[in-house]
Amino acid sequence: MTSHKRKTGRRRAVIGGLSALGITGAAVVAGTLLAPAGAAGAVAAWPEAKGDKPVATTIEVTGTYDGKLKRFHGTGELGSDGQDESQKPVFVLKDGAVLKNVILGTPAADGVHCLGSCTLQNVWWENVGEDAATFKGTSASSVYAVYGGGAKSASDKVFQFNGAGKLVVTKFQVSDFGKLVRSCGNCKKQYARTILINDVDVTAPGKSIVGVNANHGDTATLRNIRIHGDAKQKIKPCTRFTGNNTGKEPKEIGTGPDGTTCRYSAADLSYQ
């Protein structure tokens, strides 16, 4: 594995990464959402890749890794874009790591794994394999910040939230997807997870923006969500499940705002 050592402590790396994005650690922990970035209408264009980089062995990141908008794609043991749960990721981020300016091409294997607090800044998935990113920290104080970027062609989940803490997705775009964010419904270890999604463009087809486990104390807050190409409003903004730790498929128990688990109102969504 390739190692990129950081010069600062874990906490400083996390807060520094968030500050670079205009997000203070205090604001994220307090649940403050950013103001909407822009106007209704067209979704921002995707960046053009500045070269290709095949990846045969998972890249392990501590500190900050700047991909300089190169296209990273799996080869060898990472050469899969299917739904195999045992796939390895292209990137593994240690606690406090920042991954920025990366395009994941095809195949993307299991995308990015965050082992603790992390920041994904301007990261793009051209064709999501199993999952775009999986968040695995075990501390309730873990903060996972996704700022900018986008994902296409996720037959199931884009962001898989298996660990503890808070996930903040801001200024992101997604199209042709199953779920943008899913709090793990059947992990062996369950947590009360907090999810904030703000200033995001969602383009049909898609099934659900966020799925959460009501019985485990999950909360999902939606703000400034622009939904494109879904005139019949088939995409479910927030879906509630009864989670378990047995591995069984979790039962869906409801959709829509309830003020407790799914926190948003009709005014937080616009259809374009």
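The torsion about the S-S bond of Cys 238 and Cys 262 is about -70°, so this disulfide is left-handed. Cys 238 sits in strand S15, residues 236–242, and Cys 262 in strand S17, residues 262–263, so the bond ties together parts that are 24 residues apart in sequence. Strands here are DSSP runs of E with at least two residues, helices are runs of H or I with at least four, and both are numbered from the N terminus. The sulfur atoms of Cys 238 and Cys 262 are 2.1 Å apart; a disulfide is called when two cysteine sulfur atoms lie within 2.5 Å. Both Cys 238 and Cys 262 are buried, where buried means under 20% relative accessible area, exposed means over 50%, and partly exposed is in between, with a 1.4 Å probe and protein chains only.

Before the other pairs, the conditions. This is a predicted model, with residues numbered from 1 along each chain as its sequence is written. Local features need pLDDT of at least 70, side-chain atom pairs count only at pLDDT 80 or more, totals for chains, interfaces and linings use all residues, and side-chain values use heavy atoms, with hydrogens and water left out.

How many disulfides does the structure hold? There are three. In Cys 114 and Cys 118, the sulfur atoms are 2.1 Å apart. The torsion about that S-S bond is about 90°, so the disulfide of Cys 114 and Cys 118 is right-handed. Cys 114 and Cys 118 are both buried.

Next, Cys 184 and Cys 187, bonded with a sulfur separation of 2.1 Å. Their S-S torsion is about 105°, so this disulfide is right-handed. Cys 184 has 4% relative accessibility and therefore counts as buried. Cys 187, at 15%, counts as buried because of that value.

With the bonded cysteines numbered in sequence order, the pairing reads 1-2, 3-4, 5-6.

Now the chain as a whole. Its secondary structure comes to two helices and 18 strands. The protein chain has 272 residues, and 52% of them are buried. Taking contacts with a separation of 6 or more, 63% are between residues 24 or more positions apart; a contact means heavy atoms within 4.5 Å. The accessible surface is about 11,600 Å², and carbon and sulfur atoms account for 50% of that. Accessible areas come from the Shrake-Rupley method with a 1.4 Å probe, and for residues only the protein chains shown count as cover.

That is what I have.
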